[in-house]
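Let me put the model up, and then I'll talk you through it.

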Amino acid sequence: MLETWYVIAALMFAIYVALDGFDLGAGIVSPFVARSDPERRQVLAAIGPYWDGNEVWLLAAGGALFVAFPRVLASGISGFYFAIFLLLWCLLGRGIAIEFRSHVVEPLWRAAWDFVFAAASTLLAVFFGAAFGNLMRGVSLDRDGWFALPLFTDWSARDPVGILDWYTVLTGVFALLALGAHGATFLAWKTDGPVHDRSRRAARRLWIAVAVLWPVVTAASHVVNSSLFPGMGRRWLAIAAALFAIAGIVAVFVRLARGGDFGAFLGSCAFLLGIIGASAASYFPVMLRATGGDALSLTAYTGGGDEAGLRIALRWFLVGAPLALIYLGVVIWLHRGKAVAAAEGEGY
């Protein structure tokens, strides 16, 4: 049962990254692909039907950890206390910027919220990437399963580690480029006119950067966590997910070259789902790796809940998850086609 919930938690995080990733990416590239007020409203119209619904998957992932791995969640929240507050401030600021931006027809007002939207989206991508790097590298867990990290120490990835070091900054930059590429690909699919043309050019350049940096990040992950890849060859799920990611990024380049924006976006989703799936499958059963030794790490077995509670939660999950997927499908169907900027005083 704990193995099932490990897969569910990883799947919820992967879906969140693929879905909320495109509207975060749209915020990252918005200053470069939208240069006038109507164009910025077109970007907001493209993500408007989806962005708040996409964040439900982050709550679902947190809920899965709360139900199935409460000790892991408690340790992670207390250890990353400062970082989590920064994330919450960025999520709040970004949501307020989207909602408030078009309510006042005043250039200074709109420019300020445009800055908040782009800055918060950029910081969120970097923070999520740095958090991923912290999980891959490991944290300073003590014998009771607790830790507290400073923002940085000496930038080394060895104990005593901080939240930021050369490796977590690298994963933060990679996340920024990957989500920026994902968002530009989404805008190329959902917009037309100058925003579409600039988004497609941005997507091509960003995907080249992602393709170059991906092997570098993979090699760096082996340097900071040598136990991550040796067992991967015996895990068919990790291999399948890695092949899915490779197929996804190849599809992105092929479809962008042939003008297939929707196919490129599907390839982008496959790439993100694949790299997170491969990482999770390689990482199992560890959930919080201890830099002080494997004996101190929190795993799915040492940080999990009781069997009876997990069985009850699984029944409710099997009801709730299909409803969320149906909602997503209905929203996509209702808002099919190119996004059109709302008239002044209406919508975003």
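Predicted model: local features only at pLDDT ≥ 70, side-chain atom pairs only at ≥ 80, totals over all residues.

Numbering runs from 1 along each chain as its sequence is written, and side-chain values use heavy atoms, with hydrogens and water left out.

By nonpolar core I mean a set of buried Ala, Val, Leu, Ile, Met, Phe, Trp, Tyr and Cys residues joined through side-chain atoms within 4.5 Å. Buried is under 20% relative accessible area, exposed is over 50%, and partly exposed is in between, with a 1.4 Å probe and protein chains only. The largest core here has 100 residues, and the members touching the most others are W5, F69, W207 and F271. Helix α1, residues 2-33, supplies the largest share of that core, with 17 residues. Helices and strands, by the way, are DSSP runs numbered from the N terminus: H or I with at least four residues for helices, E with at least two for strands.

Let's zoom in on F271. Contact means heavy atoms within 4.5 Å. If you skip neighbours within four places in sequence, F271 contacts F174, W207, V210, W214, A245, G248 and I249. There's also a second, separate core of five residues, and M232, A241, A278 and A281 are among them.

So where does M232 sit? It's in the loop between α9 and α10 (236-258). M232 is buried, at 17% relative accessible area. Not counting residues up to four places away in sequence, M232 touches A238, I239, A242, A278 and S282.

Now, helix packing. Axes are lines fitted to C-alpha atoms, over the stretch in contact for helices, and angles run from 0 to 180 degrees between N-to-C directions. Under 35 degrees counts as roughly parallel, over 145 as roughly antiparallel, 65 to 115 as roughly perpendicular, and the rest as oblique.

First pair up: α8 (residues 166-190) and α9 (residues 193-224) pack at about 150°, with axes 7 Å apart. These two are therefore roughly antiparallel. As for what lines that contact, we get 24 nonpolar residues, seven polar and one charged. For those labels, Ala, Val, Leu, Ile, Met, Phe, Trp, Tyr, Cys and Pro are nonpolar, Asp, Glu, Lys and Arg are charged, and the others, Gly among them, are polar.

The other pair is α2 (residues 37-47) with α7 (residues 107-137): their axes come within 12 Å and cross at roughly 45°. That puts α2 oblique to α7. On the α2 side we have D37, R40, R41, L44 and I47, meeting R110, D114 and F117 in α7. The tally for this contact is three nonpolar, no polar and five charged.

F284 and P285 are joined by a cis peptide bond, with omega about 5°. P285 is in the loop between α11 (261-283) and β1 (286-288). W155 has phi near 70°, a positive value in a residue that isn't glycine. You'll find W155 in the loop between α7 and α8, and it's partly exposed at 41% relative accessibility.

And T302 is in the loop between β2 (298-299) and α12 (307-334). T302 counts as partly exposed, at 43%. Ignoring neighbours within four places in sequence, T302 is in contact with R71 and S297.

That's it from me!
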